[in-house]
Every structure is written in structure tokens, then in C-alpha cells.
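Biologist: I am new to this structure. Please show it to me, and then I will ask about its parts.

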Amino acid sequence: MGQITHPLRSVLYVPGENTRALKKVSTLEADALILDLEDGVAPAKKREARENLKSFLKSAPPDKYITVRVNGLGTQWVEDDLRAFRDEKIDAIVFPKIESHEDAMAAEGLIEEAGFAPKTRLWFMIETPLGVLNIAQITRQPTRLECLVMGTNDLVKDLHARHTPTREPILFSLSLCLLAARAGGLSVIDGVHIDIKDRQGFLAACRQGAEMGFDGKTVIHPSQIEGANDAYAPSRDELEEARKIVLRFEEAQRMGKAVTLVGGKLVEALHVENAQRLLALAEKIKR
Ligand code: COA
Ligand code: MG
């Protein structure tokens, strides 16, 4: 297990059957891609989608973290999906609808059986009530597991909930998965905002996810990338404060103290740790 060092502010779904979208990707600023073979691809197009993705991967943008979402455990496609990508240059395989410890271990077993290189990581989508309830068991053991992705549309549907602007109906589920991810040292990505035209709602959801602690947001359209990149990057004020915190704390330590004040606020070692995390992220996204 281990957290990714690559930024994951915007994680773009690209359906494998959409060759126009695949062509567009190299011009887009998404930090990561989920090349999709599952719900974004009709059953009759699964084979074609695999071929499209394999040719896309021959000249994939080198700056992006690249994952492939395979079809679910137990479907007629998943094993062929895995075989098709075993020798491709990808960073991780995304498994949809992981619901239990058994699912988690089965997914890891399939990756091993298919013969993926040891460095290929696992991402799990959590998108059902059972998956949320079992999250601590799901994240406990798989050694390749690196990231959780929230599937909030499936979740809202299964809960018989409604999509609301402030997302109260799913906040408990989001929080539980975030807790499990952090407890296990994993990355964790928020769900999509399906109303592409609703810019204000999208930005509010990005802010909310960033405040909660998510590493980034899954997005479905190029118009959502910039907002996610912005919301999940440390702001200029936060970076300025982070630099001060690191400096002041060093000074304090030289004087034999374990605490100091920056802008009237208490600074201890834990604040320095957080400041260093923000500065490291800023370095990677060239802020
Ligand atoms: N990735 C990369 N490029 C995308 C894209 C995506 N997800 N969605 C749209 N684009 C491209 C289009 O190809 C188009 O570029 P082009 O003119 O060079 O071809 C441009 O962005 C503008 O697209 P637009 O015309 O506004 O949208 P569209 O009608 O082509 O597509 C959707 C709209 C919703 C069908 C499409 O965005 C999509 O399929 N998104 C992903 C959905 C998905 O993966 N769902 C499963 C997970 S929730
Ligand atoms: Mg889903």
C-alpha cells in the first residue's frame, strides 16, 4: 500500500469507444485518466473499446497518471479486459463496485493471475451501500491497493437518495471512505458531477470535497478539469502561510521550543507536516 506521489486533482473518465475524446486527451490538463471499459462503453462495443485504448496507449501523454477501468468482477468481460492490458504502459487498474474483503482479494488475485508487473497498482471504486459498510475490510489487505474512487451516482441510486447541492444524503458515506483511505495510507478521489452545464454547483462540490480531504475529483468533461485542478491545489495564501510555518518552526526549534505562533495561530510539528505536504504538492503542479 502507499499513497501516490502523482497529483490527482482532476481524474478524467474517457470512454474507450470514444475515439474523438481519446484524441482530445493530449491537449487537456487532467492529472490522471480513467480509460473506461465499463459503464461508459456499451456491451456491443467492449472489444472495439479495448483496441481503441491499446492504440491510444502507444502514444499516451507522459505527464498523466493512467488507469484503465475494467468491467466488474464476475462479468463476461473482465478477464479479457485484464489480458488485453497486461503488457501495456499503465499505472493502475480500476475495479468497479468493490463490496467486500472477498471482492478486494479476488480483484488482486485476477491482477496477479493475468501477470501484471508488480508495480501496477489497484484502484477500487466504492459505489454501493455494501461497499461503504465494508470499507475497513476492503482496504485492509490488498498489497497493490493505492486509491479509492467514489462512485456517487450508483450510490445515490442504491440509497434511493436525491442529488442535492450540498450532498448531505451521501456525506456520511463519503466521510467513512475517506477515513478508511487515510487510515490505510491510500489516496481517495471524489465522485463526478453529472450536470456539465452547472458550473457553480460543480465548483461548490469541488470546494466541499477539497475541504473534506479528498485528493481530487473524477470529472467527465474537459470543461470540468480547470475547476477541479484549482480547487484541489493549495491556494497562494495557503502556500505563503506554509512557507512561513516551516521557517518559523525551524527558528523556534533552534531556540529549543516545540511551539510557535504564525499570524497569531499556534504552530506545532503537526502543522509543519501539513505545510510540507502542501509545499510538496505545489512543487509537483508547479504552483
Ligand atoms: N474526455 C476527453 N475528451 C472529451 C470528453 C472526455 N470525457 N468528453 C468530451 N470530450 C471532448 C469531445 O470529444 C469534444 O472534442 P472534439 O470536438 O475535439 O471532438 C469536446 O471535448 C467537447 O465535447 P462536447 O461536444 O461538449 O461533449 P460530447 O457531446 O462530445 O460528450 C459526453 C459529452 C457526456 C458524452 C462525454 O463528455 C463523455 O462521454 N464523458 C464521459 C462519461 C463517462 O465516462 N461516464 C462513465 C463514468 S461516470
Ligand atoms: Mg458505476
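**Questions on a predicted model**

Modeller: Asp36 lies in strand 2; strands (E, at least two residues) and helices (H or I, at least four) are DSSP runs, numbered from the N terminus. This is a predicted model, in which local features need pLDDT of at least 70 and side-chain atom pairs count only at pLDDT 80 or more, while totals for chains, interfaces and linings use all residues. Residues are numbered from 1 along each chain as its sequence is written, chains are lettered from A and ligands numbered from 1 in the order in which they are written, and side-chain values use heavy atoms, with hydrogens and water left out.

Biologist: Is Asp36 buried or exposed?

Modeller: Buried means under 20% relative accessible area, exposed over 50%, and partly exposed in between (1.4 Å probe, protein chains only). Asp36 has a relative accessible area of 3%, so Asp36 is buried.

Biologist: Which residue has its backbone nitrogen 2.8 Å from a polar atom of the side chain of Asp36?

Modeller: A polar contact is a pair of N or O atoms within 3.5 Å; within protein, one must be able to donate a hydrogen and the other to accept it, and residues adjacent in sequence count only if both atoms are side-chain atoms. At 2.8 Å from the Asp36 side chain, the backbone nitrogen is that of Gly40.

Biologist: How far apart in space are Leu33 and Arg121, C-alpha to C-alpha?

Modeller: Leu33 also lies in strand 2, which spans residues 32-36, and is buried at 0% relative accessibility. Leu33 and Arg121 are 88 residues apart in sequence, and their C-alpha atoms are separated by 14 Å.

Biologist: Which residues are the protein donors of the magnesium ion?

Modeller: Donors are N, O and S atoms within 2.8 Å of the metal (3.2 Å for Na, K and Ca); water is not among the atoms, so sites may look incomplete. The ion is ligand 2, and its protein donors, lying 2.2 Å from it, are Glu127 (OE) and Asp154 (OD).

Biologist: How many residues apart in sequence are the parts that this pair ties together?

Modeller: Glu127 lies in the loop between strand 5 (121-126) and helix 5 (129-133), and Asp154 in helix 7 (residues 152-159). Glu127 is buried at 1% relative accessibility, and Asp154 is buried at 17%. The pair therefore ties together parts whose separation in sequence is 27 residues.

Biologist: Which element supplies the largest share of the shell around ligand 1?

Modeller: A residue is near a molecule if one of its heavy atoms lies within 4 Å of it. Around ligand 1 there are 14 residues, of which Tyr13, Arg20, Ile220, His221 and Pro222 come nearest. Strand 1 (10-15) and helix 1 (19-24) each supply at least two residues of the shell. The largest share, 4 residues, comes from strand 1.

Biologist: What percentage of the area that ligand 1 exposes alone does the protein bury?

Modeller: Oxygen atoms of ligand 1 lie 2.7 Å from an N or O atom in the side chain of Arg20 and 2.7 Å from one in the side chain of His221. Accessible areas come from the Shrake-Rupley method with a 1.4 Å probe; for residues, only the protein chains shown count as cover. Taken alone, ligand 1 exposes 900 Å², and the share buried by the protein is 61%.

Biologist: How many disulfides does the count come to?

Modeller: A disulfide is a pair of cysteine sulfur atoms within 2.5 Å. By this rule the count is 0.

Biologist: Which cysteine has the sulfur nearest to that of Cys206?

Modeller: Cys206 is in helix 9 (residues 199-212) and is buried, with a relative accessible area of 0%. Cys206 is in no disulfide; the nearest cysteine sulfur is 16 Å away and belongs to Cys147.
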